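This report is meant for a reader who is new to the structure shown below. Please look over the sequence and the model before reading on.

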Amino acid sequence: MINKYRWLKVIATIIVIIVGIILFFAVYNRIAISFEAKEITANGKLVEVGDYKIHVYAEGEKSDEPTLVFMSGSATVAPVYDFKILYSLLSDDYRIVVVEKLGYGYSDIVDTKRDVLSMVEETREALKLAGEEAPFVLLPHSMSGLEALYWAQNYPEEVKAVIGLDMAIPASMMR
């Protein structure tokens, strides 16, 4: 009987030590994140759209050619980095812009309406505030294809072309 309690005591001690180690690293992680957060700086412009900041990254010279606007799909966590391989090949010949929607990349995380109309209007306003002028060639990825189509239909004077990067179309929503 005494041996049985001794083993329970050993097991309880091991569990307490493991929980203590986990708590230590959780607290350490929180502290480290708070220090690191101060060191993270956006590599583009943060423009205020409404009450929120949207990150707009631009590269390449302005010219008579339309500006290429990269539009991310859902779950593209850091569009400015995800699209870098492609836009770095184009920025010698074209002005490129990556707009990171609210909740993505360096843009503010928000709990607001996330419908196509809202996202298009936020993107248009962010481009305007960043000093980018139409006409644009939109390069939407995934679900932002719906935004690009809406934009092109409702503001045809702003959109020269849409080049889909594996983009969704309205029929994909009907399944």
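## The cavity and its lining

The lining of the largest cavity divides into three nonpolar residues, one polar residue and two charged ones, where Ala, Val, Leu, Ile, Met, Phe, Trp, Tyr, Cys and Pro count as nonpolar, Asp, Glu, Lys and Arg as charged, and the others, Gly among them, as polar. Phe-70, Met-71, Val-99, Lys-101, Thr-123 and Glu-147 form this lining, and the volume of the cavity is about 30 Å³. A cavity here is a set of points, on a 1 Å grid over the protein atoms alone, where a 1.4 Å probe fits but cannot get out, and lining residues have an atom within 4 Å of a point.

## Basis of the model

The model is predicted, with local features needing pLDDT of at least 70 and side-chain atom pairs counting only at pLDDT 80 or more, while totals for chains, interfaces and linings use all residues. Residues are numbered from 1 along each chain as its sequence is written, and side-chain values use heavy atoms, with hydrogens and water left out.

## Helix 4 against helix 5

The axes of helix 4 (residues 116-129) and helix 5 (residues 144-154) come within 9 Å and cross at roughly 70°, which makes helix 4 roughly perpendicular to helix 5 (a term for angles of 65 to 115 degrees). Helices are DSSP runs of H or I with at least four residues, and strands are runs of E with at least two, numbered from the N terminus.

## A salt bridge and the loops

Five salt bridges are present in the structure, each a side-chain nitrogen of Lys or Arg within 4 Å of a carboxyl oxygen of Asp or Glu. In one of them, the side chains of Arg-95 and Glu-132 meet at 2.6 Å, N to O.

The loop between helix 4 and strand 5 holds Pro-135, and the peptide bond from Ala-134 to Pro-135 is cis, with omega near 10°.

Conventions: Axes fitted to C-alpha atoms, helices over the stretch in contact; angles between N-to-C directions. Parallel < 35°, antiparallel > 145°, perpendicular 65-115°, else oblique. 1 Å grid on protein atoms, 1.4 Å probe; cavity = no way out; pocket = protein on both sides within 12 Å on 5 of 7 lines; lining within 4 Å. Points joined across faces, edges and corners; volume = space filled by probe spheres on them.
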